[in-house]
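Please consult the sequence and the structure shown below while reading.

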Amino acid sequence: MQGNAMQENAKSRPFPFRRASLFTLGCRLNQSETEALRDRLEALGCEIVPWGAPADFGVVNSCTVTRLAEAKCRQIVRGFVKANPEAFCAVVGCYSQTGAAALARIPGVDLIVGNGDKLSLTDFVGDGKKRAVPLVVAGKLPAGDFSVPAVCGAAPTTLRANLKVQDGCDFMCSYCIIPFARGRARSRDFSDLVAEAESLAARGAKEITLTGVNIGTYKNSGYDILGVVDAVAAVPGIARVRIGSIEPKTIPDGVFDRMNDPAHALTPFIHIPLQSGCGRILRDMRRHYSLEEYLAFIREIAARVPGVCIGTDIMVGFPGETDAEFDETCRTFAENPFAYAHVFTYSERAGTPAARRPDRVPVPVRQRRSVALRALSAEKRRAFMGGFLGRDEEVLFEKPQGGIWPGYTKNYLRVHVPAEEFPGENLVNALRVVRLEKVSGEAFVGRASQA
């Protein structure tokens with residue numbers, strides 16, 4: 001039994017599980033959706049236990065962006081089944097949408113739900129008994145704008161929260177599987193996302209990151225992404241709003257005025273995928289900008305927003321990429337105002353135009369290039385951090401770790417402060433001004449500011 005009939009029957013049946021564990025692979029959007037599933041399970045009476053603890057219900061929120069991500073998903077699923085052989089195992093998300101047949105071959109998997117129905121996962125578990133053949137719910141992806149089902153009485157949160165505002169993408173880059181995994185671009189109902197932001201604030205969240213696949217294309221009820229930024233920033237209790245990854249040429253100019261406005265919650269941080277620092281490769285990737293346009297834009301951001309942290313994504317080993325073109329990408333990254341790069345090794349995705357090209361870069365070459373660019377990114381990060389040594393910065397703290405209070409500045413610099421700097425204080429989810437005294441690895445060591 002599938003679809004609406006199963007969902008209707010689920011409403012009259014008590015939920016069969018008491019201990020659930022969730023594992024997330026991939027992006028912030030996946031993390032946001034996992035949190036929504038966590039809230040739903042808790043509302044149904046489940047105790048959420050850490051991954052690896054005994055559970056009678058396991059949920060893996062999957063990723064399909066690379067072959068490595070898919071392989072890791074299969075490994076995680078097999079590990080859960082081995083540790084909990086009698087437990088009900090569900091796999092949801094992007095890999096469930098594009099690779100359901102491969103997941104169905106893993107012994108012990110009971111339920112596979114694609115992106116169209118993942119947030120309704122609990123409607124498809126039935127009586128919770130193990131299945132000889134997994135139920136697959138991975139049909140046509142929905143079109144049109146959407147809402148996210150609300151959960152009443154969700155537990156308090158003291159974490160930096162992700163807020164899903166958009167899904168899907170229309171850009172169809174030549175290497176990308178995501179339009180097939182998540183569908184075309186859709187925006188979340190504006191009043192619905194504001195209501196969730198208010199709920200998150202009421203539960204204790206002070207920082208919200210706006211997430212989606214291509215959030216700069218947001219359009220709903222007369223609002224664009226700038227309207228979303230302003231609305232979330234206006235929610236009482238929200239001290240920081242952070243824009244997640246956003247595509248070039250979709251960023252409204254008003255974003256930078258808000259980053260510079262001390263009265264506005266928008267943080268001076270932005271992550272803008274570049275993908276290649278070589279113009280020819282960008283054209284082959286079918287990106288929606290030229291290299292010159294991109295570089296002019298980020299240079300303008302750096303000039304207009306003092307202290308802004310600009311991050312990017314770079315893919316190496318795209319078909320046809322020569323050593324000289326990789327070197328060009330490295331120079332582009334090194335010579336421009338980036339603070340860091342997330343480096344991705346190109347992975348063939350079946351059904352994409354790039355996967356059909358014969359001029360593949362050998363895998364060992366791709367891997368060497370990834371190592372080299374990651375090392376360069378580490379240098380860039382240290383150089384960017386060096387510009388903040390000795391400064392006082394506001395830090396939003398997280399849970400303590402071994403006598404250290406970790407947290408982040410507005411521009412997403414990680415800070416570790418010894419607990420004795422704030423004796424007797426509980427700094428979880430607290431904002432404090434900290435002097436950034438030295439760099440240790442990828443974090444600052446800070447002290448309580450005396451200013």
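## Surroundings of H416

Apart from its neighbours within four places in sequence, H416 is in contact with I404, W405, P406, A443, F444, V445 and G446, where contact means heavy atoms within 4.5 Å. The side chain of H416 also forms a polar contact of 3.3 Å with the side chain of R414. A polar contact is a pair of N or O atoms within 3.5 Å; within protein, one must be able to donate a hydrogen and the other to accept it, and residues adjacent in sequence count only if both atoms are side-chain atoms.

H416 belongs to strand β17, residues 414-418. Strands (E, at least two residues) and helices (H or I, at least four) are DSSP runs numbered from the N terminus. H416 counts as partly exposed because its relative accessibility is 26%; buried means under 20% relative accessible area, exposed over 50%, and partly exposed in between (1.4 Å probe, protein chains only).

## Basis of the model

The model is predicted: local features need pLDDT of at least 70, side-chain atom pairs count only at pLDDT 80 or more, and totals for chains, interfaces and linings use all residues. Residues are numbered from 1 along each chain as its sequence is written, and side-chain values use heavy atoms, with hydrogens and water left out.

## Surroundings of N220

N220 is located in the loop between β10 (207-211) and α8 (225-233). With a relative accessibility of 11%, N220 counts as buried. Its side chain makes a polar contact of 3.0 Å with the side chain of D145, and the side chain of N220 also reaches the backbone nitrogen of F190 at 2.9 Å. Beyond its neighbours within four places in sequence, the contacts of N220 include S187, R188 and D189.

## Cavities

The whole structure holds two cavities of 30 Å³ or more. A cavity is a set of points on a 1 Å grid over the protein atoms alone where a 1.4 Å probe fits but cannot get out, and lining residues have an atom within 4 Å of a point. A volume is the space filled by probe spheres set on the points, which are joined across faces, edges and corners.

The largest cavity has a volume of about 50 Å³, and its lining consists of S32, E33, A36, L119, V148, K164, R188 and E196. Helix α2 (residues 28-43) supplies the largest share of this lining, three residues. The second largest cavity contains about 40 Å³ of space and is lined by A36, L37, R40, L119, V148 and P149.

Key: On a 1 Å grid over the protein atoms alone, a cavity is a set of points where a 1.4 Å probe fits but cannot get out, and a pocket is an open set with protein on both sides within 12 Å along at least five of seven lines; lining residues have an atom within 4 Å of a point.
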